[in-house]
Amino acid sequence: MKRTLTMLFWFGVMFAHFVGIMAAAYLLGGLVEDVFPGASRLTNLVILMIAVVMGIASLLTVAERKWSSLMQNRIGPNRARINLPGLKDKALVGIPHFLADGMKMLFKEDFIPATANKLLYNLGPMLAFGPVFALFAVVPAGPTVSVFGKTVDMVVATPDFGILYVFAIASLAVYGTSLAGWSSNNKFALLGGVRAASQMISYEVALGLSLVGLMMAFSTVQLPTFVGNVANELGTGVAASGQARYLWSANFGGFDIGIPAWGFLLQPLGFFLFFAAAFAETKRAPFDTPEGESEIIGYFVEYSGMKFGLFMISEFVEIVVLSGLVVVLFFGGYHLPFGGEWLSNLPVMREHGWLYGTILGTVFWGKVMFFVWLQLAIRWTFLRFRYDQIQTLGWKILLPLGLINVFATGALVLWDPSLRALAIFGILQIGILVALTMSSGKKEAGAEGHGHGGAHGGHGPDAHGHDAHGHGLPAHGHAAHAAPHPAGAHSGAATASH
């Protein structure tokens, strides 16, 4: 109970921080817009990418260890302390470990192998971290509102090519792992780099194909258009668009409720394909064969200090970026599943747009943190896949399913442009998946019960499987010599004992 209350307390602290950060982002954006148009994009760069994304990624280095300890019934990291009055004897949920890790990496010796290609060796960590960090620039973290009479967007950049920017920049990360493995002039690092490069290239195909159906459904590649706007948002009179519109809806006393056009309902297969492919791109368990210590050392084996830290932190940044993209593309972005129109048309929201943006921005980060938690749970639940299994999954399963999803989506969108037929097809897919999951669980439970009963209910020599493992053999051997037996029986027992 104490651990549960502690977790709830820190969850409350986390959401309070998100509320404060989003409010500050909107208010500061409204102030700096007086300097020159678009100045709020620069403050978004500092607040969203440097403060929030990097802050979450850094804290995840401790959160992952604490979550793994919770799953394994351990305490987790709690030894590091801050030598200040009132904090000397407090573990602070292991947060001082994150500070200690950063200090250790900053001041650790920067070792460079004598035979390494120094230019490419130093470039590898930058190319591994930079593209991943830049991906969040196109992720909208909140609605566009008016603050102090100025329009403030809660996104760093809105290029016309939208999701294509994500594909292009994400593909650059493969150069970082390849160069790190090759430039170290280490055979183990080279093998790890080759594995990492082939895995990332393989899953980029399935990654891009998984989103084609979503692009056809919404007729766009821009991420803010995927998210859309609720009807008459803040009294502007705009029509509902993107994932903010309802496929079927009802209104009860001004409160709107219905089934929204979220990407997960329209493209459940696309979601699972995208999530699996993007998870493989992060090279984290169960897709961590490029750095699996039990079979290969890894492409960054020759790196130390902050260069190694860049490789490590890039994985945690990928967790946050992947969560943000999943939320924006498949789970309505910063919108609520219902009640969005009611909320946006409250008088206080129309008068104070920054308050509306703060609430929806907090909703966005709440969804992001759920998918961050999901990735940590997957990482500590599944065993590492074999390398041939990873390639089979990418080329023989995800790729064909992606093609089928594209053809089915295209046919349904042409047949019913309102996307209701596509939503019904998606709900059927979810129902089939749930049914298969439940049936497989019942089969496993039945098989376990059958095996349990057979083990204890049998009375023959093989009831407990002792003979199969050789536990009963000495008994047969002694019995053969203890009493007179026919020659055939003695011979058979002697043969069995050997």
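This is a predicted model: local features need pLDDT of at least 70, side-chain atom pairs count only at pLDDT 80 or more; totals for chains, interfaces and linings use all residues.
## Overall make-up

The protein chain holds 20 helices and 4 strands. Of its 498 residues, 46% are buried. Among contacts with a separation of 6 or more, 75% are between residues 24 or more positions apart.

The accessible surface of the chain is about 24600 Å². Carbon and sulfur atoms account for 70% of that surface.

## Helices α5 and α6

Helix α5 covers residues 163-171 and helix α6 covers residues 173-183. Their axes come within 4 Å and cross at roughly 5°. Angles under 35 degrees count as roughly parallel, so α5 is roughly parallel to α6.

On the α5 side, the contact is made by Ile169, Ala170 and Ser171. On the α6 side, Ala173, Val174 and Tyr175 take part. Sorted by class, the residues in this contact are 5 nonpolar and 1 polar, with no charged residues.

Asn186 sits in the loop between α6 and α7, the latter spanning 187-210. Its relative accessibility is 16%, and buried means under 20%, so Asn186 counts as buried.

With neighbours within four places in sequence set aside, Asn186 is in contact with Gly181, Val301 and Glu302.

## Glu64 in helix α2

Glu64 is part of helix α2, which runs over residues 39-71. The relative accessible area of Glu64 is 9%; the cut-off for buried is under 20%, and Glu64 is therefore buried.

A polar contact of 2.3 Å links the side chains of Glu64 and Arg284. Arg284 is also listed among the contacts of Glu64 that remain when neighbours within four places in sequence are left aside.

In sequence, Leu234 and Ser344 are 110 residues apart, but their C-alpha atoms are 5.0 Å apart in space.

Ser344 is one of the residues in contact with Leu234 once neighbours within four places in sequence are excluded. Val145, Met349, Arg350 and Tyr356 also contact Leu234.

Methods. Residues are numbered from 1 along each chain as its sequence is written. Side-chain values use heavy atoms; hydrogens and water are left out. Axes are lines fitted to C-alpha atoms, for helices over the stretch in contact, and angles run from 0 to 180 degrees between N-to-C directions. Helices (H or I, at least four residues) and strands (E, at least two) are DSSP runs, numbered from the N terminus. Angles under 35 degrees count as roughly parallel, over 145 as roughly antiparallel, 65 to 115 as roughly perpendicular and the rest as oblique. Contact means heavy atoms within 4.5 Å. Ala, Val, Leu, Ile, Met, Phe, Trp, Tyr, Cys and Pro count as nonpolar, Asp, Glu, Lys and Arg as charged, and the others, Gly among them, as polar. Buried means under 20% relative accessible area, exposed over 50%, partly exposed in between (1.4 Å probe, protein chains only). Accessible areas come from the Shrake-Rupley method with a 1.4 Å probe; for residues, only the protein chains shown count as cover. A polar contact is a pair of N or O atoms within 3.5 Å; within protein, one must be able to donate a hydrogen and the other to accept it, and residues adjacent in sequence count only if both atoms are side-chain atoms.
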